[in-house]
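Student: Please take a close look at one strand and its pairing partners, and then at the residues placed around them. I would like the cut-offs stated as you go.

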Amino acid sequence: MADQATAIRNAPLAGLRGGSPAAILTPAAPASRISLRAEPDAVAALSAALGLTLPTRPKTSASTGKRHALWLGPDEWLVIDEDGKDLMAAAASSGVMHSAVDISHRNTAVIVSGPGAEVAVNSGCPQDLSLAIFPVGACSRTILGKAEIVLFRTAEDTFRVECWRSFSPFVFGLLSEGAEDAGH
């Protein structure tokens with residue numbers, strides 16, 4: 001039997017660090033992600049299977065440990081597990097009709113943290129990110145420059161910027177420029 005070659009996928013932003021003392025940029029560690037779609041009558045069973053209550057209101061999220069469910073639409077969520085657990089298997093165990101697509105290798109994320117994090121993200125994102133409008137736990141699908149992102153506020157001074165790996169150099173570069181501006 002011949003030796004089988006195994007492809008090794010490199011993290012798209014491996015080794016990059018950026019920002020300023022006001023806004024630090026860190027590539028997020030690899031995570032499991034699914035794009036989940038389901039009708040309202042399936043939410044309870046999917047929530048139980050995933051171990052967190054899927055949010056049902058715009059701009060909201062739910063977290064349990066390192067697992068997060070971000071509301072993206074009336075029947076759509078981005079579910080992220082920072083421990084790399086098998087989200088597809090968890091969703092499949094729900095026993096209800098749904099659509100789940102593993103997007104773990106399509107997406108990556110940049111963590112923007114520090115007192116200037118909001119300014120750094122707002123350098124390319126037109127959304128009002130003030131705490132009153134975009135509080136901790138808020139999330140939305142939006143844009144950063146010309147790239148579609150999913151933005152998730154994890155703390156008063158920290159954002160998780162999810163993007164497609166093909167756009168990650170652009171997103172990281174734009175956030176780096178915004179972080180430099182936040183330092184002035």
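Tutor: Proline 27 stands opposite valine 110 in S8. Strands here are DSSP runs of E with at least two residues, helices are runs of H or I with at least four, and both are numbered from the N terminus. This is a predicted model, in which local features need pLDDT of at least 70 and side-chain atom pairs count only at pLDDT 80 or more, while totals for chains, interfaces and linings use all residues. Residues are numbered from 1 along each chain as its sequence is written, and side-chain values use heavy atoms, with hydrogens and water left out.

Strand S2 (residues 24-27) runs antiparallel to S8, and four bridges join the two; strands pair if DSSP finds at least two bridges between them. S8 is also joined to strand S11 (residues 158-164), again antiparallel, by seven bridges. Within that pairing, valine 112 has phenylalanine 159 of S11 as its bridge partner. S8 itself covers residues 107-113, and six of its seven residues are buried (under 20% relative accessible area; exposed is over 50%, partly exposed in between, with a 1.4 Å probe and protein chains only).

Aspartate 157 lies in the loop between strand S10 (147-155) and S11. Because its relative accessible area is 36%, aspartate 157 counts as partly exposed. Aspartate 157 is in contact (heavy atoms within 4.5 Å) with Val112, Ser113, Gly114, Pro115 and Ala117, leaving aside residues up to four places away in sequence. The C-alpha atoms of aspartate 157 and alanine 23 are 8.9 Å apart, although 134 residues separate the two along the chain.

Serine 168 belongs to helix H4 (residues 168-182). With a relative accessible area of 0%, serine 168 is buried. Apart from neighbours within four places in sequence, serine 168 touches Pro12, Leu13, Thr108 and Cys163. A polar atom of the serine 168 side chain lies 2.7 Å from the backbone oxygen of arginine 165.

Elsewhere, glutamate 76 is in strand S6 (residues 76-81). Glutamate 76 counts as buried because its relative accessibility is 13%. Its side chain makes a polar contact with the side chain of arginine 141 at 2.9 Å; such a contact is a pair of N or O atoms within 3.5 Å, where within protein one must be able to donate a hydrogen and the other to accept it, and residues adjacent in sequence count only if both atoms are side-chain atoms.
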